[in-house]
Amino acid sequence: MITSMPQRGRRAVITGVGVVAPNGIGNDAWWAATTAGTSGIGRITRFDPSRYTTQFAGEVDGFDALDYIERRLKMQTDRWTWMGLAATSMALDDASFRPAEHDPYSMSVITASSSGGNEFGQVEIQKLWAKGASHVGAYQSIAWFYAATTGQISISHGMKGASGVVVSEGAGGLDALAHGRRAVLRGIATVVSGGVEAPIGPYALTCQMATGRLSSVKDKTAYRPFDGQATGYVPGEGGAILLVESLESARRRGVREIYGEILGYGATHDGHHPWACPPHAAQLTRAITLALRDARIEPDEVDVVFADGAGSRGWDELEARALHAALGNHAAVVPISVPKTMTGRLYAGGASLDVAAALFTMRHGLIPPTVHVDRLAPDCALNIVRTSQRADVRTALVVARGYGGFNSALVLRRMRAADIPNDNDLEDQ
Amino acid sequence: MKRTAITGIGVVAPGGVTREAFWEALVAGRSATRRISFFDAAEFRSQIAAECDFDPQAAGLRPQEVRRMDRYAQFAVAAAIEAVADSGLDLASEDRERVGVALGSAVGGTTLLESEYVVVSDGGRDWLVDPGYASPHVYQGFVPSALASEVSVRFGAQGPSVVVSTGCTSGIDAIGYGHQMIQDGEANIVISGASESGISPISMACFDPIRATSSRNDDAATAARPFDRDRDGFVMGEGGAVLVLEELGRACARGAHVYCEISGYAGRGNAFHMTGLKPDGLEMSEAIMDAMRQGNHKPSDIDYVNAHGSGTRQNDVHETAAIKRALGEHAYRIPISSIKSMVGHSLGGIGAIEMAACALAIEHGIAPPTANLTQRDPECDLDYTPLVARRLPIDVALSTGSGFGGFQSAMILSRDALGEAA
């Protein structure tokens, strides 16, 4: 019986990862492509993009929802939910976690979403305005809203614990994981967390283009964060679902391979303007500093940074300044990667996928590259990893921002078998 | 662990735009449901809603804010302005890095998204829509995070900011999120609540085929009839409420007026069906009991229950069972009511409006009624406070929420512990 109050001594670790990404479906395919520098960005194929200034995106080619869910459920849900359910199955398999064997109330679902089931929504609005109200289908009410994926995961896997949906655009992936950790600290054993996004439809693209932040370069190298010639970002679809688990639960299950621990988190808001770049990097800096402090680590303990990498000059420079302010001298030497350059920005799925990349980096000792960055802007004096790099990575920092002023940072710590505390090290639970 | 006080309340509700007008309408038992005036609803099965007569500039919004924000964001900013003023806080002199924002919405900027879609698709003719006709603000409708962004910007709040979007429990869950931010020391003050403006053709249309909404179009004023044997679904509403949440010790130290404390918050999922509810109310009762354990509340401590009471048969039966399972015999002895009978069901916004109602119920010692309840459903055998508000001392109030996706949430507000903290 869970009483949802903070308990001392509980720790949140990640034991399962499931990836659906433009450069690979499934952990192995995605990681192989990511470390090889293989991009999933190309000219949009899901519709004719000719009339749009942005014509390139990271699409997940070859994704068949029926590989993961039944036809009836597919009809009732958006592509975004298909990907969420697929990534969930992969993450549960990866963790060797069988929900049916666990107390339903000990399992939660807390995902991030930014645009919900937007393509399903476009179809139904189209029917409404072209044909009339009686043509709107019965599933619109459960497919479009932002909670659809969390709800369907909860139902599919019988998870009855406190669940949630967190929305903060590109920062959402980290905020959902942090809220997942909060649930674990309040007695939940496992949380299906992270997020995916499916924003590659005609209307969705129109909405994104209105921000003025998308690149209109018609080439797969269009998205080049921290480059002096940055032209904006390329959108993408997919993301990662992660199984967050209490250390106690992971040990009880006999998990030998824990990816890592969620060691620290910090979040701030610029509180400045609904879309404009703030004049200083104080709040992004503070998000990173809060995460380091929460993790009780010094800046030089960070072995790799997965940067937000907005891909436009002002925002990139701001992030570079924040990294220098938060990490001090270490900012110029710590390896920094933006594997998003191979997928595009995935909104709620983006930071989740970066966390997956950080966990795989720690496990395999291989930092994935930032591709297509040619010449760093002079105001971005950072050690951007351009080709895969071997490194002993114990601690990773992931930085994410959301349109509208959201800043989040997460610190992850590798946990190898020898790092898993034995009974004597743990407080009584 | 830190505790959360409520020190400010702001409301934009149908029939009562401002906290005092809202409360006055509730106590009077006045329904604000009517035939939809926002658009021609003649072809819809449900043609009624609880609309807000809302003037954003009168509520304190600037012309630029009105221009760029969808209606649901305007509601939240207006309610936040009122709540912050009510709290007596001078945010300019506060450490704004310690001021967070947690707001809920179920469908976000749907109204803006739909109206823009009509333009860019040329009335639904073009699938490959023309971006040349899009408003520069359309992305604000595409991502509901715009809601939290706008409120953080308005108050210069630099603490953590987030939107919680768990369908019809978004309101309780957003306030629960804000409460946990204070418990965990992430903020001293959280501007927290929820809003919704779902009275648009697409939102109305999506509930028609599943017959979730009332079709009592010829009697709009009494169409919302939770727990009545003649009820036939919920009546769509709109609006929002914002609370100022504040770390209790700090609120007491500055001599703030503390309405009450959040003494419990919990959620569960039924993991059963996106829209269906089982009659046993099991998971909702588990959420209620979790919230009670957090505050060390016995069933007999609960003085008033603000029910989800949407006015669908399955909800009313489910919820009645949940309250009985959680409170036992005591469930028969206390007033229960659904204010959706008056303000309609504003999806993600209503949970926050209901928390505002609970705080005001404690403040004034009045349980608002369930309007339009003249013939109680024999399957619902509790005291639903029909028609007339009831005066009684309320120290502890419970509010419940239930929504698509299977989400069940409960929150308890209480003032019994306040003396000890002060």
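**Helix packing, core and chain contact in the model**

Helices α10(A) and α11(A) are oblique to each other, a term that covers angles not counted as roughly parallel (under 35 degrees), roughly antiparallel (over 145) or roughly perpendicular (65 to 115). The structure is a predicted model, in which local features need pLDDT of at least 70 and side-chain atom pairs count only at pLDDT 80 or more, whereas totals for chains, interfaces and linings use all residues. Residues are numbered from 1 along each chain as its sequence is written, while chains are lettered from A and ligands numbered from 1 in the order in which they are written.

Helix α10 of chain A spans residues 282-295 and helix α11 of chain A spans residues 313-327, and the two pack at an angle of about 40 degrees with their axes 8 Å apart. Helices (H or I, at least four residues) and strands (E, at least two) are DSSP runs, numbered from the N terminus; axes are lines fitted to C-alpha atoms, for helices over the stretch in contact, and angles run from 0 to 180 degrees between N-to-C directions.

The residues W80(A), T81(A), G84(A), L85(A) and T88(A) of α3(A) meet A148(A), T149(A), Q152(A), I153(A) and S156(A) of α6(A), which divide into four nonpolar, six polar and no charged.

In chain B, the axes of α3 (residues 71-87) and α6(B) come within 9 Å and cross at roughly 35 degrees, again in a right-handed crossing. Among the residues making this contact are Y72(B) and V84(B) of α3(B), together with E150(B) and R154(B) of α6(B); by class it has ten nonpolar, no polar and two charged residues.

The largest nonpolar core has 295 residues, of which V398(A) and L410(A) touch the most other members. The largest share of this core, eleven residues, comes from helix α13 (residues 350-364) of chain B. When residues up to four places away in sequence are not counted, V398(A) touches residues including F306(A), D354(A), L410(A) and L412(A).

Between the chains, 79 residues of chain B are in contact with 72 residues of chain A, contact meaning that C-beta atoms, placed from the backbone, lie within 7 Å. The largest share of the side of chain B that touches chain A, six residues, is supplied by α6(B), and the residues of this side divide into 40 nonpolar, 24 polar and 15 charged.

Finally, R30(B) lies in the loop between α1 (19-28) and β3 (33-35) of chain B. Because R30(B) has 15 C-beta neighbours inside 10 Å, it counts as partly exposed, the class between buried (20 or more other C-beta atoms within 10 Å) and exposed (12 or fewer). Although R30(B) and N372(B) are 342 residues apart in sequence, their C-alpha atoms are 9.3 Å apart in space. Apart from neighbours within four places in sequence, R30(B) is in contact with G15(B), A25(B) and M342(B).

Note on methods:
Core = buried A, V, L, I, M, F, W, Y, C linked by C-beta atoms within 7 Å. Contact = placed C-beta atoms within 7 Å. Nonpolar A, V, L, I, M, F, W, Y, C, P; charged D, E, K, R; others polar. Left-handed = near helix turned anticlockwise from the far one by under 90°.
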